[in-house]
Number of protein chains: 2
Amino acid sequence: MRQVGSTLWPKLRAVQVYGANTGVGKTVVSTLLCKALRRRLPDFNVHYLKPISTGPLDEADNRHLSRFSDNITSKTLLQFDEPVSPHIAARSAKEPIDDRSIIARVYDEIHSYANDQDAVAVVETAGGVLSPAPSGSVQADLYRTLRLPALLVGDHRLGGIGSTISSWESLHLRGYDVGNVLLFGESYYDNYTYLKDYFAERGIPTLSLPPPPDQAATLEEDEKAMLQYYDATANHQSLSSVVSQIIDAHDSRLKRLTSLPERANDSIWHPFMQHTERNKQNILAIDSAYGDFFQTYSAASTPTSKDQNILNPAFDGSASWWTQGLGHGNPDLALVAAHAAGRYGHVMFASAAHEPAISLAERLLSGVENPRLTRCFYTDNGSTGMEVAVKMGLKAASKRYGWDSNTGDNVEILGLKGSYHGDTIGTMDCSDPSAYNKKVEWYQGRGHWFDFPTVKMTQGRWVVEAPGAEFENDFGARREFDSLDDIFALESRTSDAQKYEKYVRQTLEELTAQGRKFGALIMEPVILGAGGMLFADPLFQHTLARVAREILPDIYGSNAGAGDNLAWQGIPLLHDEVFTGLYRLGHFSSSSLVQIQPDISVHAKLLTGGLLPLCTTLASESIYEAFLSPEKSDALLHGHSYTAHAVGCEVANYSLDTMQKLDQEGAWSEYKKDWQGEGVIDTVSHALGVKAQKDKLWSMWSSSFVSTLSYHKNVESVFAIGSVLAISLKDPAGSGYTSTAGTGLRDALLRGKEGVEGVIHSRVLGNVLYLMASMTATKETLAEIERKVADAMK
Amino acid sequence: MRQVGSTLWPKLRAVQVYGANTGVGKTVVSTLLCKALRRRLPDFNVHYLKPISTGPLDEADNRHLSRFSDNITSKTLLQFDEPVSPHIAARSAKEPIDDRSIIARVYDEIHSYANDQDAVAVVETAGGVLSPAPSGSVQADLYRTLRLPALLVGDHRLGGIGSTISSWESLHLRGYDVGNVLLFGESYYDNYTYLKDYFAERGIPTLSLPPPPDQAATLEEDEKAMLQYYDATANHQSLSSVVSQIIDAHDSRLKRLTSLPERANDSIWHPFMQHTERNKQNILAIDSAYGDFFQTYSAASTPTSKDQNILNPAFDGSASWWTQGLGHGNPDLALVAAHAAGRYGHVMFASAAHEPAISLAERLLSGVENPRLTRCFYTDNGSTGMEVAVKMGLKAASKRYGWDSNTGDNVEILGLKGSYHGDTIGTMDCSDPSAYNKKVEWYQGRGHWFDFPTVKMTQGRWVVEAPGAEFENDFGARREFDSLDDIFALESRTSDAQKYEKYVRQTLEELTAQGRKFGALIMEPVILGAGGMLFADPLFQHTLARVAREILPDIYGSNAGAGDNLAWQGIPLLHDEVFTGLYRLGHFSSSSLVQIQPDISVHAKLLTGGLLPLCTTLASESIYEAFLSPEKSDALLHGHSYTAHAVGCEVANYSLDTMQKLDQEGAWSEYKKDWQGEGVIDTVSHALGVKAQKDKLWSMWSSSFVSTLSYHKNVESVFAIGSVLAISLKDPAGSGYTSTAGTGLRDALLRGKEGVEGVIHSRVLGNVLYLMASMTATKETLAEIERKVADAMK
């Protein structure tokens, strides 16, 4: 399937003509504009394109027969006779009318105008901005992929002020740039005067044109009158302004876009980057994004000919740093955000309540299906949410066990090696020393981190492996499994469980015997993300949590909470689901996969569907109660200015609701079938609490592709789960964050292949190249990405 | 001036009828709806209100004369004869046509319907959703204050699908709840079928009605036909559905709103709160917000009679935790956010560039007018931005001075006592021990914090005071000044400067003689916010920075950077402008007020105009260069998923642009005049760098009010600067964060005064009650707030 993207050819200026309503004169204005372009730009080619036309061909032709007389090309791609909305007219269509097919035809047509010759294309839409397209989507959504600069023909009639502004708002919130508003002057209602001022405040020139003559008695007279009108009006200074604006806007857009890498190089301090490696060649400019694709410009791959599109669609292979859920440029998300902004803006949350925040808290607390969790604390990102979580855990443990950091007690945390919880100092301290933190002045790892067995596929087999030969005694030798489901069937893996339990118990006894005090067990359930996409054996995580809960009460000398199924026992269990939760691994909560009910869990990234920052830290009542006291200073004195900002909460409500619907309504059933055949749900006994219904494991990446990759000569191992695919490449120099084994493949994917539209943007973590998709990515899109990856690895 | 707010009376259901365009049949639908209400709800009062009507009274009357025959009240508030848009018709108006006046009349009229009797009010708008109001604003903006539940009459004509959806989008992004779409059924275009499905996906029932008869030949026949139509159609099941929806939506809204405090009490862990003090009585429910006002419901002040509005407008006196800049529910901000969401969503920022982020970086770097600052690093909030800043400072200093924390060097920071930089562990460690941090397990203050003299007004005089008698030798005795400007005229205060310099020099020499290593001097310029609104003597901050820069190179043994005006010297100067910057104190940068060019500065809160979280850390080239190396692990390995999210950056660009325009175009000139008479600009020599133009000091709070407060018997001192007013109340038990001296006044302000519309929501910091406004608050609004504060203190 072709990946058509946004259009920007150096010598071709395109403008898409939208109408504020039907009957506002789009065709007349387009005709005038073409004629004005023709006269003012004698050296240019001028093209008129009407992708979709409804209404009898005769009438349109007769009325405007002469309009393209002088060296203007004119084309209609889809013609329907009935003078009704295209979605009705298209019922009898014989050609494909889905949006992608239409867009591909429009793209190819416009592409044919692009060459060494200066040119302008005027692309006229059908009906109003949101009139239905043949497929039933609306005009502005149909054409959004191309994101052509827009010209809005305003409505000069009674009521036209409102409909013109509303139409502009509909275009604007879909990410269009409207360069001009153009409408017929009309002295009685004088919409022009009002709109001119209104849009001037928004930086958009508004221009008026003389209205066309009233329809004459006969066709001949009418045609004559229109000819005269066109002839007289094509020189109108409003049109000259629009022509200049179209030329200038194109130049300025090109200049702004192509200068972005250099400007970024001058002014930006990028995250996670060694800037000695940075230059304007390797900064990717993103002009816009839609669905799973960025529209990109790279100074490193400047087009060699003028018919080569400056913009290149690049699959967003990191799901924009693991955040993307509902697709880029999603107009529904944009509207939800706008609604919350329009209803509240931000309203401070101290001692306050607003519907979006309360609903979201309730939705999450119920969605995770963990009866322990009863309280929701809001912050802005995973790192701050984890800071809050750690404060919660340490306080609860310290209070129960009588530890006092002010009198010298050093309270630490337990975790897994290679964990990552954020970049603020408090969360850095929760991870073992690594390339990320070891050179940070204030970093001090405060804990003990366990080695652990990992899950991967090699040579077509799922295996669980010890982290090294020295651990085979503790974790068992390499074991093969028929499926991921078998690995996650924790209750059936009794021999492994015994080994793990013995190891965990012994380690904890040794550590605590040294007097070490642990205030939280912190884990990323299933996958340790930034640590290098380490897929932990779920049985090990489960066993670690279970044993810690069991033995620490006695060791630390308090059985408070015993007998209360919902109170924390032994040590607060803290799950960092920032990356792994909320469907990233195909399930609402990733804790459910490892069959642990944490006492605290942190959720961000996908929470807002991939639009803006928000984080929630969920906690149990027994954690919450540790902060209750008559003293204000005993409270969790934490908060950010934009705590529970309404826009984020409302977007999150919408995103979770949408993803839950996708799940329930079977949007992923094809993926699930691919991974496990038909029946996908069964019920398992929840070892650490109540019974829970458990989905089996599945991925959006095809099982055959994953299997094929696992045999590849350069691939050490691979796994896929949910929307995540991770490929560990062999690196003779050793794996880890500083390995460069992945960069070759990453660069090849971004470069793409001559003649094939679209490339892949991906991120690497050392020798691991991973790919991720939004939760709305289609099977066709991902199949194409898989083909491209396979190609690049040949 | 009256503070009219949103409307919600228990027994009165109101619905506002908007049209997708002029001529879609709003009046016919409203008439039918009234008649249906009348029939279906015999025990209810039914009211029809047309606040603004244009067109000849006769015609409207004749055509619909009989519609209100049976026990329906009907009223028009403003009638204009000309059948044109109200903004044109109103040119000849004799009554006030500004939005506030009209809204007050509508409010009073609706209020007169509210009592013990069940009732419904149908309020019909004029023209389309965005048709101009008499004042020239648009309908949906005019009525936004009331935020009545909306019913949208769709357009059944050709093109009506698009105009109906666009109209809904315009309402939606202004924060309206649209309960129903209602339109005439029409078989040829059949807009209904399309719209029904479209809006069903968005949770909005769409219903169709039989179209009215065509206009008859004579007036009599026409009236007869319409009468028949009304009579036959008023029983239509679509109308029954709408009637039920109106009743149900009202009940459900009441229930949701009044349950919010309890639901919050059950599910939310609030920021900065001791929850033993929380109950559903003291959680404020915020239904919506507009301009400077929340629309609030409190279970503690449940209306005593049915004609008492459930909602109470409350002035947002903390500017929503210091964030608010351009007013709540600002439709322009909502649209800007939506545009960025529609164009990009979020696009990952690693090695990437997009226009909103690059433009914002350039805008900030140029706006602060500090030639040292060349690089912009993005994070999500002040706390994370400060974490980044500290990492920058410590690394730069450690590198230059050869300190290595891995081999035991303990690098600390310098600051002021009572500082506050955020709640993540790294930023907590930058503050001296206090009620905020002392009970946090992992807190460890890592620095030295200076005592400092403070600025305040007492008894009508501006004074600079030492923090206690024991410091009078170091800082000088209490000194009076004629104006704030005199205090900020640093160059003329030579004697103070000498005292401060001696103290700072001696302290630094003592500290460093102990071997202490300081990697950053961190200050909030002018005002230490969360520490208790401490107004630092700007000369002390200036002197501290200057002396540290001067003497530390020799002490630490490196003059690298000497001779380079833009390189950091002695110690990186780090300014936390999160609260004080971006016009909060009336100036783009608060660093300019203390005449320091920091090497690093952090900006958030007002950055996004008060909509959503975003933070920037600006740094100089010499700081940036400290991270350059061939090793990736030497880089600043920090980043958040939503780093430089496009929505935040675009909103920030718009907000800064708007505030800069407000400044340049004289929006605050009345405030400035009040504080300093006419000429407000002069040029001073910038002691630490190049020359800079310096605005004088001013506040949005009136100078007379501030002066009056300073004489009040319960007031220890007061100050105002920019939009900040801080009142230190006398507390025999001592001041500080745990003082409760402010809560009495806070509670009185929130309670309000019987018979006076609107209350004040404020926050206290111990014995300090502060007030803050958005940067668009009007003189009239603030004057009213001042009167209420004065009243409450009587």
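Guide: Strand S8 of chain A and strand S11 of chain B pair in the parallel sense over two bridges, where strands are DSSP runs of E with at least two residues, helices are runs of H or I with at least four, and both are numbered from the N terminus; two strands count as paired if DSSP finds at least two bridges between them. This is a predicted model, in which local features need pLDDT of at least 70 and side-chain atom pairs count only at pLDDT 80 or more, while totals for chains, interfaces and linings use all residues. Residues are numbered from 1 along each chain as its sequence is written, and chains are lettered from A and ligands numbered from 1 in the order in which they are written.

Within this pairing, Leu284(A) has Ala352(B) as its bridge partner in S11(B). The two strands belong to an open sheet of five strands with mixed pairing, in the order S28(A)-S10(A)-S9(A)-S8(A)-S11(B). Its edges are formed by S28 (759–761) of chain A and S11 (352–353) of chain B, each of which pairs on one side only. Helix H23 (residues 741–751) of chain A packs on the sheet, where it touches S10 (312–316) and S28 of chain A, and its direction makes about 135° with that of S28(A); contact here means C-beta atoms, placed from the backbone, within 7 Å, and the axes are lines fitted to C-alpha atoms, for helices over the stretch in contact, with angles between N-to-C directions running from 0 to 180 degrees. Further into the sheet, S8 (residues 284–290) and S9 (residues 293–298), both of chain A, pair in the antiparallel sense over six bridges, and one of the bridge partners in S9(A) is Phe293(A), which faces Tyr290(A) in that pairing.

The contact between the chains as a whole draws 142 residues from chain A and 142 residues from chain B. On the side of chain A that touches chain B, helix H11 (residues 331–343) of chain A gives the largest share, 10 residues. That side divides into 65 nonpolar, 55 polar and 22 charged residues, with Ala, Val, Leu, Ile, Met, Phe, Trp, Tyr, Cys and Pro counted as nonpolar, Asp, Glu, Lys and Arg as charged, and the others, Gly among them, as polar.

As for the relation between the copies, a rotation of 180° with 0.0 Å of shift along its axis superposes chain A on chain B with an RMSD of 0.0 Å, by least squares on the C-alpha atoms of residues with pLDDT of at least 70 in both. This is the relation of a two-fold axis. The same surface serves both copies, since 100% of the contact residues of chain A recur in chain B.

Around this part, chain A holds 24 helices and 30 strands. The radius of gyration of chain A, taken over C-alpha atoms, is 30 Å, close to the 28 Å that the globule rule gives for 794 residues, so chain A is as compact as a globular protein of that length; the rule is 2.2 Å times the number of residues to the power 0.38. Along its principal axes, the C-alpha trace of chain A spans about 100 × 65 × 50 Å. Of the contacts in chain A with a separation of 6 or more, 73% are accounted for by residues 24 or more positions apart.

How values were computed. Two residues are in contact if their C-beta atoms, placed from the backbone, lie within 7 Å.
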